[in-house]
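Trainee: I have a model open and would like to learn how to read it. Where do we begin?

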Amino acid sequence: MILTMTYAGENATDLGYLLHKSPFRVHSFEQPFGKTYVFYPEATAERCTAALVLEIDSIGLVRGRRGPGGEGRVLEEYVNDRPYAASSFLSVAIARTFGSALGGKSKDRQELADSALQLEAQISVVPCRGGEKLLRRLFEPLGYDVNARRHPLDDKFPEWGESPYFTITLRREVRLSEMLTHLYVLIPVLDDDKHYWVGDDEVEKLLRHGEGWLREHPERELITERYLKHQKRLAREAMERLIGEEEPEADEAAETHTREEEAIEKPISLAEQRMDKVVGTLLARGAQRVLDLGCGEGRLLRELLKEKTFSEIVGMDVSHRALEIAARRLNFENMPGRQRERIQLLHGSLIYRDKRLAGYDGAAVVEVIEHLDPPRLAAFERVLFEFARPKTVAVTTPNVEYNVKFETLPAGKMRHKDHRFEWSRQEFRAWAEGIAKRFGYTVQFLPIGPEDSAVGSPTQMGVFSIQ
Ligand code: SAH
């Protein structure tokens, strides 16, 4: 099977920089299921075409597989369309061969990688179970101009009729990473093959690659079901999470809002008091390997680093920009080796189950829950308390009762424009106690900041421990 991608534009051979493959030679790569080749049948200043050819080793593939054989089965395993038809193997090959391009990264031409380009992709041969209609229903809502040529079953015997195989051409002004992502997800959907096993991490892959487009796609259910090979449980889980997913606040706006919140809280240096209390709590509970979830620009990470007791510190945030600022502020680049080994930054969302978060002693979730939409909170609760399950969890959130005391905050306004809610002490307590009960934790409540007899403290903290 072959995928070609053509870029027509100024300095068209820059496509080579986007794919991290020189247009001037042939590249070949070993894959677990065969071999891939990348070469450029056309490379001029105006037009450049990269070709990805995938050669499946169908014999190796069968040999490497376990499971019951049986005579009939064996023949089918050797004689099938897998070596010729675009399938999930092509998606895997895209990810393995053009990983950076798929992720939108280019070492030498980042600006170009971030720009919408006049691109054309052609794939031969795509099995399209559902015909041309389905092909259009999948790609047209994404803005592609779709051209499909159906292949006859055998051109020597036209009376045999049409095959389910097409050569398709897609055109659009689009970022290369977006186009690759669409292909990555939709090729296996067109193929709809049920032979290969799908594990739980396929849900993660689908959601990750579907970010920004799948939720709005009119065929999202069909895409999810077929991508997950009709495994009802997985498809349901993916759909729930897909619908549950909401755009995080745009990075730049988030930064401005963070500054505004800081200005409101600054007169009582609340941020520092929060950091102190959280660090103190984690130390007191004996935590050594700790997570800072929704670490933002790394304020807490800096304090955690100062304490030798914390042997492993992981900061996670959904915002790339915040993580970049954190890395800069912590001076990642020039950190001494021993220090650098203690800390990691992860990009991820707290509403997705994430294996990387399992097995820690302590977690801090400082001023994060109020950024999650209430329907998303339930997902977050399971991600943290059921799956990651740290021994101690410190969660802080504003106490809305205290807002009347902030002189610069207009009445009835929340402290941060992205806050989805701000809770009273009673509301927070009810939420936290519900979690403790459901997931087998105990919870204690502590005030942070100056306490007022009527309205309490500006920040409230719940400290959860596994029972
Ligand atoms: N804990 C930091 C930042 C608090 S601001 C501090 O106290 O300084 C809230 C942070 O939560 C932001 O950095 C935001 O990007 C992050 N966030 C919001 N939704 C998230 C999600 N679903 N997963 C991970 N982080 C998230």
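**Backbone angles and the loops**

Mentor: N11 is partly exposed, at a relative accessible area of 46%. Keep in mind throughout that this is a predicted model.

Trainee: Where does N11 lie, and what is its phi?

Mentor: N11 sits in the loop between β1 (2–8) and α1 (15–19). Its phi is near 45 degrees, a positive value in a residue other than glycine. H20 has a positive phi too, of about 55 degrees, and is not a glycine either. H20 belongs to the loop between α1 and β2 (27–31).

Trainee: Is H20 buried, exposed or partly exposed?

Mentor: Buried means under 20% relative accessible area and exposed means over 50%. H20 has 32%, so it is partly exposed.

Trainee: Which peptide bond is cis?

Mentor: The bond from S124 to V125 is cis, with omega near 0 degrees. V125 is part of strand β5 (residues 117–127).

Trainee: What does the chain look like as a whole?

Mentor: Its secondary structure comes to 18 helices and 14 strands. The chain has 467 residues, and buried ones make up 50% of them. The accessible surface is about 22,700 Å², with 50% of it belonging to carbon and sulfur atoms. Among contacts with a separation of 6 or more, 72% are between residues 24 or more positions apart.

Trainee: Which backbone oxygen does the side chain of R226 reach?

Mentor: That of V189, at 2.8 Å. R226 is in helix α10 (residues 220–227), and its relative accessibility is 12%, so R226 counts as buried. Not counting residues up to four places away in sequence, R226 touches R129, L134, V189, L190 and D192.

Trainee: And how do I compare distance in sequence with distance in space?

Mentor: H257 and H416 are 159 residues apart in sequence but 5.8 Å apart in space, C-alpha to C-alpha. H257 is found in helix α12 (residues 251–265). At 14% relative accessibility, H257 is buried.

Trainee: Now a strand. How many residues of β12 are buried?

Mentor: For a strand, look at each face in turn. In β12 (residues 392–398), 7 of its 7 residues are buried. T392, A394, T396 and P398 lie on one side, while V393, V395 and T397 lie on the other, and both faces are covered.

Trainee: Which strands pair with β12, and in what sense?

Mentor: Strand β11 (residues 362–366) pairs with β12 in the parallel sense over 5 bridges. Strand β14 (residues 459–466) pairs with β12 in the antiparallel sense over 7 bridges. There, T396 has M461 of β14 as its bridge partner.

Trainee: Last, the ligand. How many residues surround it?

Mentor: Start with the list of surrounding residues, then go to the individual atoms. 16 residues surround the ligand, and the closest are G294, R299, D317, L350 and V366. From the side chain of D317, an N or O atom is 2.5 Å from an oxygen atom of the ligand. A polar side-chain atom of S349 lies 3.2 Å from a ligand nitrogen atom. With V366 the polar atom belongs to the backbone, and it is 2.8 Å from a nitrogen atom of the ligand.

Trainee: How much of the ligand's surface does the protein bury?

Mentor: The ligand taken alone exposes 570 Å², and the protein buries 87% of that.

Notes. Residues numbered from 1 in each chain as written. Predicted model: local features only at pLDDT ≥ 70, side-chain atom pairs only at ≥ 80, totals over all residues. Heavy atoms only, no water. Buried < 20%, exposed > 50% of the residue type's maximum accessible area, 1.4 Å probe, protein only. Helix = DSSP H or I, 4+ residues; strand = E, 2+ residues; numbered from the N terminus. Pairing = 2+ DSSP bridges. Near = heavy atom within 4 Å. Polar contact = N/O pair within 3.5 Å; in protein donor to acceptor, adjacent residues only side chain to side chain. Areas by Shrake-Rupley, 256 points an atom, 1.4 Å probe, with all protein chains shown as cover. Contact = heavy atoms within 4.5 Å.
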